[in-house]
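I opened the notebook to record what I looked up, entry by entry. The structure comes next, then my notes.

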Amino acid sequence: MSEEQAYEPKIVAFLCKWCSSAGSDLAGVSRIQYPANATPITVPCSGSISPLYILSAFNKGADGVLLSGCHIGDCHYIEGNYLARRKIYLIKELLEMVGVEPDRLRMSWVSAAEGAKYAQVVKDFVADLKPLGPQDKLKADRT
Amino acid sequence: MIDVQSIRDAARDLLTRGEVRAVIGYRRGSRGMLAEPVTITDPEQADELVWDATCFHNLALYLVEDRKALAHAQRTPTLPIAIIAKGCDARAIVVLMQEHYFKRDEVYIIGVSCEGGGVLVEYKLARLLNGAQALSAVFDGDELVVTTAAGEVRLPASEVMADRCLECREPFPKEHNVAFGEDKTGRQLAAPFTALGRFEALSAVDRWAFWRRQFERCIRCFACRSVCPMCYCDECVVDSITFPVAPDTTAEEKANRIRWIERSAVRSENITYHMTRAMHLAGRCIDCGECERVCPVNIPLRLLNNKMELEARERFGYEPGASIGGPSLVASFRDDDPGQFIR
């Protein structure tokens, strides 16, 4: 390769199946252009996202982790996103304490009707991740 | 100061009257002044029990071990088990009961107040004794009385006490069946989260440099997990060796089990292990400091757990080990939980 490729951050996106996952679908069928950096993983609820999912994603080489669920009050399971908010707050604090850039973990509320918002969230996240460069603090060295 | 004879009498009476099936306590270890955990079932053994500044161990761990042994033997005992508990141990027992690990009437808590003391740290004591061998160490008011071959030495308690004891606000076991010693709840020999505050003042770059060095040293002996009364899971997510293998488990299942992280003792895996543990202990860790004490390479693990405790207290008004019936930290929420970080 003669030309060095520009750095593209890898994002693992955990999306709630009741809202954000459908929101990302809507962004697609509406033909909204947004960066292809995010790999979506559908989960049953934002409240089902274990902190271990996030740490394991970083461990396996993610540069950023995006979590997205239903707006407060709209959870299919009534309270899942309230519980997620608490857990994610704690893991964010812990990452910051260890010295990992807290910007590498992002959470958003995206409903099934907000395709445009999902595209914007990914666009912003990629733009914020690029200056941080590759994540090598939690990444496993498998060489 | 608590008369150790009163603890022995209480244990003997409980066993003689057949009110409990065993008493978990401390006895003199085989190495110098240190106490070691013991389970006694015979009233005669009650005189072995000791209570001094070397009773480091969080005995709640042995309630968990007892529970596991009973489950393994498929026995349901009719009598409760008695346990000698300091303030922190009693909080650990409360958390275990809050999580329905056992019921309140299945355990008889003999509470002992640390009063103005706590437990000592061996290296701090050794430094002050200039190489002299301590034979016994007991707190008396705000002094530590140490006996050496050369005679008695009185040292200021604050110079030999463990950091977590200095920061402790609840040296008295609130949850108890019977308690010895003065209730000094609210005493504070040092501001809480002193070490954490000092650490958090560092820049992100320095914090990472610190943890990077610490986690490169971790040898993954899992002593922190073994000693923790809250780490009672039969199968640990970070340690695939505990994957339950039944006769009908196929080779494919064994090969394809989820490995969130690897078991190798390298920095990236160590840091994921310790952060996962800190998250699993959020709202459950009662700051007994045992993980830090047993760490063979002296990683300051209390910092991680203290951080979670601090956030729980300041943002969510949650105090671990405060009530048996209350909700747990991560299974409850409030409308005004912080959410500014969410886009």
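Entry 1, a helix pair across the two chains. The model is predicted. I looked up helix H3 (residues 80-98) of chain A and helix H11 (residues 267-280) of chain B, which pack at an angle of about 140°. Their axes are 11 Å apart. Since angles over 145 degrees count as roughly antiparallel and 65 to 115 as roughly perpendicular, H3(A) and H11(B) are therefore oblique to each other. I noted the handedness too: H3(A) passes H11(B) in a right-handed crossing. Which residues make the contact? On H3(A) I listed Leu90(A), Ile91(A), Leu94(A) and Val98(A). On H11(B) I listed Ile271(B), Met275(B), Ala278(B) and Met279(B). Sorted by class, the contact of H3(A) with H11(B) has eight nonpolar residues, with no polar and no charged ones.

Entry 2, the contact between chains. I then asked how many residues of chain A are in contact with chain B. The count is 30 residues of chain A, in contact with 31 residues of chain B. On the side of chain A that touches chain B, the elements giving two or more residues are helix H2 (51-59), H3 and strand E4 (105-109) of chain A. H3(A) gives the most, with 13 residues. By class, I recorded 16 nonpolar, four polar and 10 charged residues on that side of chain A.

E4(A) pairs with strand E3 (residues 64-69) of chain A in the parallel sense, over five bridges. I looked for the bridge partner of Ser68(A) and found Ser108(A) in E4(A).

I counted buried residues in helix H1 (residues 20-29) of chain A and got seven of the 10, so H1(A) is largely enclosed by the rest of the structure. The buried ones are Ser20(A), Ser21(A), Ala22(A), Gly23(A), Ser24(A), Leu26(A) and Ala27(A). What covers them? The cover includes strand E1 (11-16), strand E2 (38-43), E3 and helix H4 (115-129) of chain A. After H1(A) comes Arg31(A), and I noted that its phi is positive, near 60°.

Entry 5, the five-stranded sheet of chain B. I traced the strand order as E2-E1-E3-E4-E8 in chain B, in an open sheet of five strands with mixed pairing. Strand E2 (35-40) and strand E8 (178-180) of chain B each have a single partner strand, so one side of each is left without a neighbour in the sheet. Neighbouring strands of this sheet are turned by 30° against each other on average, direction ignored. Ile81(B) stands opposite Val107(B) in E4(B). Helix H3 (residues 87-98) of chain B packs on the sheet and touches E3 and E4 of chain B. The direction of H3(B) makes about 155° with that of E4(B).

I found another open sheet in chain B, with three strands in the order E5-E6-E7 and antiparallel pairing. Its edge strands are strand E5 (134-140) and strand E7 (151-156) of chain B, each of which pairs on one side only. The twist averages 25° from one strand to the next. E5(B) and strand E6 (residues 143-148) of chain B are antiparallel and share six bridges. In this sheet I also saw Ser136(B) opposite Thr147(B) in E6(B). Helix H4 (residues 122-129) of chain B lies across E5, E6 and E7 of chain B, running at about 105° to E5(B).

I located Asp337(B) in the segment after helix H13 (302-316) of chain B. Asp337(B) has 15 C-beta neighbours inside 10 Å, so it counts as partly exposed. Asp337(B) and Phe316(B) are 21 residues apart in sequence, and their C-alpha atoms are 6.7 Å apart in space. Leaving out residues up to four places away in sequence, Asp337(B) touches Arg85(A), Arg86(A) and Phe316(B).

Note on methods: Residues numbered from 1 in each chain as written. Chains lettered and ligands numbered in written order. Predicted model: local features only at pLDDT ≥ 70, side-chain atom pairs only at ≥ 80, totals over all residues. Pairing = 2+ DSSP bridges. Helix = DSSP H or I, 4+ residues; strand = E, 2+ residues; numbered from the N terminus. Axes fitted to C-alpha atoms, helices over the stretch in contact; angles between N-to-C directions. Contact = placed C-beta atoms within 7 Å. Parallel < 35°, antiparallel > 145°, perpendicular 65-115°, else oblique. Left-handed = near helix turned anticlockwise from the far one by under 90°. Nonpolar A, V, L, I, M, F, W, Y, C, P; charged D, E, K, R; others polar. Buried ≥ 20, exposed ≤ 12 C-beta atoms within 10 Å, placed from the backbone.
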